[in-house]
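Try each task before reading its solution.

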Amino acid sequence: MTTTTGDSRVSEAVACALCGTTTDDVPLTWVSSVERGRTVYYCDRCARDNLRSIEARLDSSWW
Ligand SMILES: [Zn+2]
């Protein structure tokens, strides 16, 4: 039996939007951000460095 129905796990490669680091599974330390309808990811290092600018961008573009 190789039924995978019901398990909606997505094994899509994800790349950091800033440094380009790729990963098969998004670690919990990575940050996902929805920008203009697209989901972008930042690795833990970039997220830490850019967390404030990311939040500021979200705030400014939200309204
Ligand atoms: Zn990065």
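## Exercise 1: the fold

Task: work out in which order the elements of the protein run from the N terminus.

Solution: In this predicted model, the order from the N terminus is β-β-β-β-α. Counting them up gives 4 strands and 1 helix.

## Exercise 2: the zinc site

Task: find which residues coordinate the zinc ion, and decide whether the site is tetrahedral or irregular.

Solution: Start with the donor atoms. The SG atoms of Cys-16, Cys-19, Cys-43 and Cys-46 coordinate the zinc ion at 2.3 Å. Next, look at the angles among these 4 donor atoms, which span 104 to 117°. Four donors count as tetrahedral if all angles lie between 85 and 135 degrees, so the site of the zinc ion is tetrahedral. For reference, the ideal angle for four tetrahedral donors is 109.5 degrees.

## Exercise 3: what the site ties together

Task: describe how the donor residues are spaced in sequence, and say which parts Cys-19 and Cys-46 tie together.

Solution: The spacing of the donor residues reads C-x2-C-x23-C-x2-C. Cys-19 sits in the loop between strand 1 (14-15) and strand 2 (22-23), while Cys-46 belongs to helix 1 (residues 44-62), so this pair links parts that are 27 residues apart in sequence.

## Exercise 4: burial

Task: are Cys-19 and Cys-46 buried, partly exposed or exposed?

Solution: Buried means under 20% relative accessible area, and exposed means over 50%. Cys-46 has 12%, so Cys-46 is buried. Cys-19 has 44%, so Cys-19 is partly exposed. Across the protein's 63 residues, 17% are buried.

Note on methods
Residues are numbered from 1 along each chain as its sequence is written. This is a predicted model: local features need pLDDT of at least 70, side-chain atom pairs count only at pLDDT 80 or more; totals for chains, interfaces and linings use all residues. Side-chain values use heavy atoms; hydrogens and water are left out. Donors are N, O and S atoms within 2.8 Å of the metal (3.2 Å for Na, K and Ca); water is not among the atoms, so sites may look incomplete. Four donors count as tetrahedral if all angles lie between 85 and 135 degrees; four count as square planar and six as octahedral if opposite donors are over 155 degrees apart and all others between 65 and 115; anything else is irregular. Helices (H or I, at least four residues) and strands (E, at least two) are DSSP runs, numbered from the N terminus. Buried means under 20% relative accessible area, exposed over 50%, partly exposed in between (1.4 Å probe, protein chains only).
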